[in-house]
Amino acid sequence: MAAALDLFARKGYHGTKISDVVKATGVSQGTFYWHFKSKEQLTLELIEDGKEKLIQVIQQGYRKHAGTVDDMVGSSARLLTDLFTFAHQNRDLMALLLMKGQGADQPIREAVSQTWVAFEAAFKNNIERAVELGMLPETNNLSLRANILVCLITGVLSKWLFGPMHDVDYQSPYSPAAIAEETAKFEFRGLLG
């Protein structure tokens, strides 16, 4: 599965053949088919597994107690540090989710889309909790706010991981903690600081 993710990240879904995967792992095609009926099934399992792990990271940010604005910024920075650390450690998965799954067949595109729907729902849940605790003002536009927040985070995540040229091997000069802290500050304080 790791070899397939690496190949998908570098060559894309359509550019990767089952023969590439078995060659990279040193197993026979028969062994591949013992575990997976198709490249599509393998990819869907990779995406589902990745989605579950990604959502677990976000759910750790669910608040139990109210706090100050500074506490919210700190909590958000910790959550984003965990998220960016996960993304850095799973950059091949993130390449599939952010870039390489876009040109895939409909079931793969749908699985990628559902991952981002679940990602946004997890952040919306965290925002709803902050509203319940009186840490954020009530709004009728909670879904819009969650959408804007997710766009900010996925945009930062994509550029931080893959740079402006969408290079799988790009290495940002910023650590997960440094980019998370700046993103959290921006999340709450915007351009005015």
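Arginine 10 is partly exposed, at 41% relative accessibility; buried here means under 20% relative accessible area, exposed over 50%, and partly exposed in between (1.4 Å probe, protein chains only). This is a predicted model, so to speak for the ground rules: local features need pLDDT of at least 70, side-chain atom pairs count only at pLDDT 80 or more, and totals for chains, interfaces and linings use all residues. Residues are numbered from 1 along each chain as its sequence is written, and side-chain values use heavy atoms, with hydrogens and water left out.

Back to arginine 10: its partner in a salt bridge is aspartate 6, with the closest N and O atoms 3.1 Å apart. A salt bridge is taken as a side-chain nitrogen of Lys or Arg within 4 Å of a carboxyl oxygen of Asp or Glu. Both residues sit in helix 1 (residues 2-11), four residues apart, which puts about one helical turn between them. Helices (H or I, at least four residues) and strands (E, at least two) are DSSP runs, numbered from the N terminus. Aspartate 6 is partly exposed too, at 27%. Asp169 joins in as well, as Asp6, Arg10 and Asp169 are linked in a network of salt bridges.

The structure holds 10 salt bridges. One of them pairs aspartate 20 with lysine 11 at 3.1 Å, N to O; aspartate 20 is buried, with a relative accessible area of 19%, whereas lysine 11 is partly exposed at 41%. Another joins lysine 51 to glutamate 48 at 3.4 Å. These two lie three residues apart in helix 4 (residues 39-59), about one turn of the helix. Lysine 51 counts as buried at 18%, while glutamate 48 is partly exposed at 36%.

Turning to helix 9 (residues 176-189), its 14 residues reach 20 Å from first C-alpha to last, close to the 20 Å expected at 1.5 Å a residue (1.5 Å times one less than the number of residues). Its buried residues are Pro176, Ile179, Ala180, Thr183 and Ala184. Glycine 190 follows helix 9, with a positive phi near 60°.
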